[in-house]
Amino acid sequence: MWESENHSVGFGAGDYGNGVPPSAKHALNTHGFDLRGNSWHVATDIPSDLLVKVEGVNFHLHKYPLLSRSGKMNRCIYESRGSDLNNKLVFDDLPGGSEAFELAAKFCYGIAVDLTAANISGLRCAAEYLEMTEDLEEGNLIFKTEAFLSYVVLSSWRDSIVVLKSCEKLSPWAENLQIVRRCSESIAWKACANPKGIRWAYTGKPTKVCSPKWNDLKDSSPSRNHQLVPPDWWFEDVSILRIDHFVRVITAIKVKGMRFELIGSSIMHYSSKWLPGSVTDTTNASDEGSSSATSHSSGGSNSWRGGLHMIVAGNKEDRSTIQAKDQRMIIESLISIIPPQKDCVSCSFLLKLLRMANMLEVSPALVTELEKRVGMQFEQATLVDLLIPSYSKSDTTYDVDLIQRLLEHFLVQEQIEISSPGRQSFADKHMYDGSQRGVIPNAKMRVARLVDSYLTEVARDRNLSLTKFQVLAEALPESARTCDDGLYRAIDSYLKAHPTLTEHERKRLCRVMDCQKLSIDACMHAAQNERLPLRVVVQVLFSEQVKISNAVSNSSLKEASDSQFQPSVTNRKTLLEATPQSFQEGWAAAKKDINTLKFELETVKNKYVELQTEMERLQRQFEKVNNKQKQSSGWSSGWKKLSKLTTKMSTLETTENESHHPTIEEHTKKVHRRWRNSIS
């Protein structure tokens, strides 16, 4: 326990001797108390006539000094007169125990008592229990202890901490006597003070070991010699308090107007002492917490300890149950005092607190409140923090339902911030931060990447159902993902861990992914992935072809625009000369591939133009034939009949010539004759 910053105050009953007759004083002259075994004896010649037993310790005393100052003892002796218990009193419920009663008895005998921060709370409660009021004698023990508390303890930072720590085993007396409230208020006022004006000692304050140099003695102004005090100077001292007293102090600090960031940091510091593992990068937190609680509680400490390791290391079931209850009380209290402002504590701390809350079965209302707090700053979480084991009866290794609820709380909070623009964060308002830094991903994009990583991790669990995977993957809107590579990786992991899925289930699983949002590398991997359905592979190939065509067209447009600006050529040459050889070779190979693709594209375009020209020529010929058929008249049909008749007549003449062999002249006359007849 700390020593008091002030000297201990010594006083005795002899200072206020108006109520004790001189003869009685002389008769009760003593040189102090002697401890013989387990009993205290007054060093005086007068034999003892009263035995007081407190917590197994016997006090052989005299009635008159005690009855003149204690109303309770006076009443107990009066009520037990005439019985065998007239000379014996038992006070097993006396606050402060045998140590406090020893000091009270010495005060009654007029022996000087040293009041310190370590014994004042127990002695004040014992004086109240024994009813040592001003009605019996002026300057009684209640008045003395109350004056010491008000004028000495409450004016000192360390004494206030020590007294509040000693009140842990004095409930409910310390609470009813307002000792806890007054010490909490005193600590809160000093914690909220301007660090520049702090001159008192605190834990962790650097001390000068070596003597000051001669140059330092030249200027001895307070502003030069006074070292800067950090804003968190009070964290270490307050962290030794029990959780209920810590809550009282933090509540009083809130009322005083302390910044919520400092309050949140103090809660995280306290948690690192009493809940090892709740805050990242805390080395030997359990050892420091237990040692600080032990070293600072020599006068009035109890068996309170912090740390989840106590639950695991407990040998007896009842001890483990008690420690679990203590841990549950700490977590519930910390949840209730976390400031409502966003970012007052880290998201990692909230998730680790949520993990412990689920493990220790904290009140469902507080768990729900904690889940909402996590949802407010879910974009700050990491994958390690989200891998919370499932402590319920679920078959899955990790609590996927919990992450689903956290994601829902995040989306609700995002909707609230969108409806009230004044509450949006700076990163979400300013999506563009200059040409050099590019686009800043908003909260939904960060959460989308986080969820994809989480799905990739939990997809290896064979007990994870397809419905849970699909619901969690589709919880975010499509605009949250600009690239579905992470989602494809999660789907591939799920297909590896679940080889017995049917074709319908595989298609249903791949439906959560947009093939058009896959990168070229992901498309190349998916095209060779035998676990994907054939339809998905076709979609991926088509998407890849579209992306290559877009890349070629964009590169051609870029080169066309670069050709218009000749000065940029020299800059490009100098840039390529300054780049490594490997980068230049890679760029040359990529440029060669692009030129090849451009040549193939130009060939296809030329073929397309040739086919289109040929088709137009055939179309014109077809139209000409149709026009000729439409323009034919009745004369043309008549001439067609004449041609047919002539052909028929020539055939008949040929047959006649073969039988009669006429001359050429006769044949000509017959033909003309028939021609005239046919015309007529």
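1. What percentage of the 680 residues in the protein do buried residues make up? In this predicted model, the answer is 40%.

2. For the overall make-up, you will find 33 helices and seven strands in the protein. Looking at contacts with a separation of 6 or more, 70% of them are accounted for by residues 24 or more positions apart.

3. On to the cysteines. Searching the whole structure turns up zero disulfides. Cys 183 is therefore in no disulfide: the nearest cysteine sulfur belongs to Cys 167 and is 5.7 Å away, whereas a disulfide needs the two sulfur atoms within 2.5 Å.

4. Are Cys 183 and Cys 76 buried or exposed? Cys 183 is buried, with a relative accessible area of 1%. Cys 76 has 19% relative accessibility, and because the cut-off for buried is under 20%, Cys 76 counts as buried too.

5. Helix α26 spans residues 485-497 and helix α27 spans residues 503-510; their axes come within 10 Å and cross at roughly 160°. Angles over 145 degrees count as roughly antiparallel, so that is how α26 runs relative to α27. The crossing of the two, α26 and α27, is right-handed.

6. Which residues meet where α26 and α27 touch? From α26 come Ile 491, Tyr 494 and Leu 495, and from α27 come Arg 506, Leu 509 and Cys 510. By type, the residues of this contact are five nonpolar, one charged and no polar.

Notes. Residues numbered from 1 in each chain as written. Predicted model: local features only at pLDDT ≥ 70, side-chain atom pairs only at ≥ 80, totals over all residues. Heavy atoms only, no water. Buried < 20%, exposed > 50% of the residue type's maximum accessible area, 1.4 Å probe, protein only. Axes fitted to C-alpha atoms, helices over the stretch in contact; angles between N-to-C directions. Helix = DSSP H or I, 4+ residues; strand = E, 2+ residues; numbered from the N terminus. Parallel < 35°, antiparallel > 145°, perpendicular 65-115°, else oblique. Left-handed = near helix turned anticlockwise from the far one by under 90°. Contact = heavy atoms within 4.5 Å. Nonpolar A, V, L, I, M, F, W, Y, C, P; charged D, E, K, R; others polar.
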